[in-house]
Amino acid sequence: MKWSALALLYTAAPTFAAVHEIWWNITYVENANPDGLQPRRVIGVNGTWPPPPIDVTTNDTLLVHATNSVDQPSSLHHHGMFFNSTSWMDGAVGVSQCGIPTGATFDYVVPINSSGQWGTYWVHAHASGQYVDGLRAPVVIHPEKEAHSYDEEFTVVLGDWYHDEHSVLLDQFVNIANPGGAEPVPDAALIYFAQNGTYLGPKAGTSPDPVTGAVGFNENATLPFQPGKTYRLRIVNTSAFAAFFFWIDGHDMRIIEADGVDTEESPIDLISITVAQRYSVLVTARNDTNANWAIHANMDTDMFDTVPDALNPNVTSSVTYDSSVDLTDLGAVDEYHDVDDLSLVPIQVKPLPPADRTIELEVLFDTMADGTNHAMFNMVTYDSPLVPSIISEMTLGENATVAGAYGINAYVLDHLTVFDIVLKNGDAGKHPFHLHGHNMQLVGRSTDYTSDDPELNPPLNESQPNPMRRDTVQVPSMNSVTLRVVADNPGAWFFHCHIEWHLEVGLAVVLLEAPLIAQQRDAVPQYVYDQCAALGQPISGNAAGHASATDLTGLPTGPFPQNNGWHPRGIGAMFGCVFTAVLGMASVTWYTLGGHISEEEMEHEERAHQEAKAQRGRLFGLIKPRA
């Protein structure tokens, strides 16, 4: 059965829930210049950039009418939302939909009221790296009663910024001239603020670039504090690549939320926040007003292959108590550190269930057979299917339970299976991983997953009463993390590195939950299929568009790792080299042992050679060129 978005909306929204309806026209915006360094074309909403923040309550159903007015397919992913058996609304191109064709509209129904979610989230494109070009915004969901008390709140938006468009950067990144896979380094860092669904403007007396002049960025941005008040700061990292270290001079912070999960207060001096993560902190204002204070957002440059001379990785804004007094900037901290998210305690208790299944995923990067550098899970790089995974799940019947029908890097899970993802980072860099449609319980970490030392690679503690939960987790080099998930959301869900460059080169898998139950709950709107057809993509069948569990003819695959073993031609070449070398050595040995001609024989051969040369000269002299 194919439903309309309106019918699905009424199904998702009980009579007591409000519908928060917004219209987003996805458009290009020329000459945006938030860092003040270089104007560029960006992707915004309704002709403006940045796209507007979304502010709703937990009793709302969010309905976003997204019209695509750019010249390539687009999408919107509401990051962290569960979507409750409607993963075709998740916005991940290749998994949830084909993409919105130019000129078409996709009605995203986000059933917040039935998901039991609140906290800090964000929305971004999940198509062709468009969020690198600016299609991203914060989302705040307010519960009926907050778990913590505070006087006022602000949203702090962090992000990296590129002066070139994503398509240009991607061509440079996935290129035989870049066999080591050095990611594009951002040209700047951004920090800006929102409150009550509106961005804060620039500081009085500043003259920012006119296209983005309604919003304060970096040194032109400030948070107005009043003495003695307690503020909630919702920090969102919307970057494509850069993690940040965030702190406020002269002020203490207490973590109270991570990725939409309320936690008990946890004091901290500095927040490390990787791509796509969110934290809320409480900050109590000072009682004195004789100084304003610097807010620091420093990019984690350890993730960059190089730090260009022109890049300032450390940006500052400010807390303002009195605009007439000076800014106090205490400079750098002595040492950066990560948030110990395993030590955070969720307020809503969820015991650790025993696992039924384990999926081990090892992160590796390598130069492939075609000369480009790609990412892999378990030595396999992800390729987007021709048919979005959710459509395959809905149209394959019994064959939908066969993992191979979805292409490579796909896992089928039975309904309510409790499974562990053991994520091992064999790469030299840090990686943030995001699971769509779920929160993950953080069961344990290892600082060296190859070690037998229990101090470095400890066993799991299965008796934890309430482990931390979140939807995005960072894994440092050679570390591992064990993530426990309940497969309670029938549909197709992406698990991937949230560094955009790494997703582009295949660091992803797809989880197919309860295919037969998903088919029973099928309410895919007709326009999902129509938009696939408009883009020339098949609208049924396996990953290649065939009504088969095994026939994947026509499905793009690869590139594949170099096969550096012994091949027949290589063996032949090596044999020839060795044989020639042995022959040469034998000749030298023979000569050394006296196996050579006499002087008389040498003189005779030389006379014969000279006579033959003279004879050739006489013969050539008789040949006359034609006139």
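Reader: Why is Asn46 called partly exposed?

Author: In this predicted model, the relative accessible area of Asn46 is 44%; since buried requires a value under 20% and exposed one over 50%, with partly exposed in between, Asn46 is classed as partly exposed. Asn46 lies in the loop between β2 and β3, and its phi is near 55°, a positive value in a residue other than glycine.

Reader: Is Phe83 buried or exposed, and how do you know?

Author: The relative accessibility of Phe83 is 1%, and because buried means under 20%, Phe83 counts as buried.

Reader: How do you know that Cys98 and Cys532 form a disulfide?

Author: Their sulfur atoms are 2.0 Å apart, and because the criterion is a pair of cysteine sulfur atoms within 2.5 Å, the pair qualifies as a disulfide; by this rule the count comes to 1 disulfide. The pair links distant parts of the chain, with Cys98 in the loop between β5 (77–79) and β6 (105–110) and Cys532 in helix α7 (residues 526–534), 434 residues apart.

Reader: Why is the disulfide of Cys98 and Cys532 called right-handed?

Author: The torsion about the S-S bond of Cys98 and Cys532 is about 95°, so the disulfide is right-handed.

Reader: What makes Cys98 and Cys532 buried?

Author: Cys98 has a relative accessible area of 7% and Cys532 has a relative accessibility of 0%, and because the limit for buried is under 20%, the label applies to Cys98 and to Cys532.

Reader: Why is the pair of Phe173 and Trp501 called edge-to-face?

Author: The ring centres of Phe173 and Trp501 are 6.2 Å apart and their planes stand at 70°; because pairing needs centres within 6.5 Å and edge-to-face needs planes over 60 degrees apart, the pair is edge-to-face. Phe173 belongs to helix α3 (residues 166–173) and Trp501 to helix α5 (residues 500–504), 328 residues apart, so that the pair links distant parts of the chain. Phe173 is buried, and so is Trp501.

Reader: What makes the pair of Phe433 and Phe495 stacked?

Author: Phe433 and Phe495 are 5.8 Å apart centre to centre, with 15° between the planes, and because planes under 30 degrees apart count as stacked, that is the label for this pair. Phe433 is in strand β26 (residues 431–435) and Phe495 in strand β31 (residues 491–497).

Reader: How do you know that the charge of Arg41 sits over the ring of Tyr28?

Author: The charged end of Arg41 is 3.7 Å from the centre of the Tyr28 ring and sits over that ring; the distance limit for such a placement is within 6 Å, together with an angle within 35 degrees of the ring normal.

Reader: Why is the peptide bond from Trp49 to Pro50 called cis?

Author: Omega for the bond from Trp49 to Pro50 is near 0°, and the bond is cis; Pro50 lies in the loop between β2 (40–45) and β3 (54–57). A cis peptide bond also joins Gly558 and Pro559, with omega about 5°. Most peptide bonds are trans.

Conventions. Residues are numbered from 1 along each chain as its sequence is written. This is a predicted model: local features need pLDDT of at least 70, side-chain atom pairs count only at pLDDT 80 or more; totals for chains, interfaces and linings use all residues. Side-chain values use heavy atoms; hydrogens and water are left out. Helices (H or I, at least four residues) and strands (E, at least two) are DSSP runs, numbered from the N terminus. Buried means under 20% relative accessible area, exposed over 50%, partly exposed in between (1.4 Å probe, protein chains only). Rings of Phe, Tyr and Trp (its six-membered ring) pair if their centres lie within 6.5 Å; planes under 30 degrees apart count as stacked, over 60 as edge-to-face and the rest as tilted.
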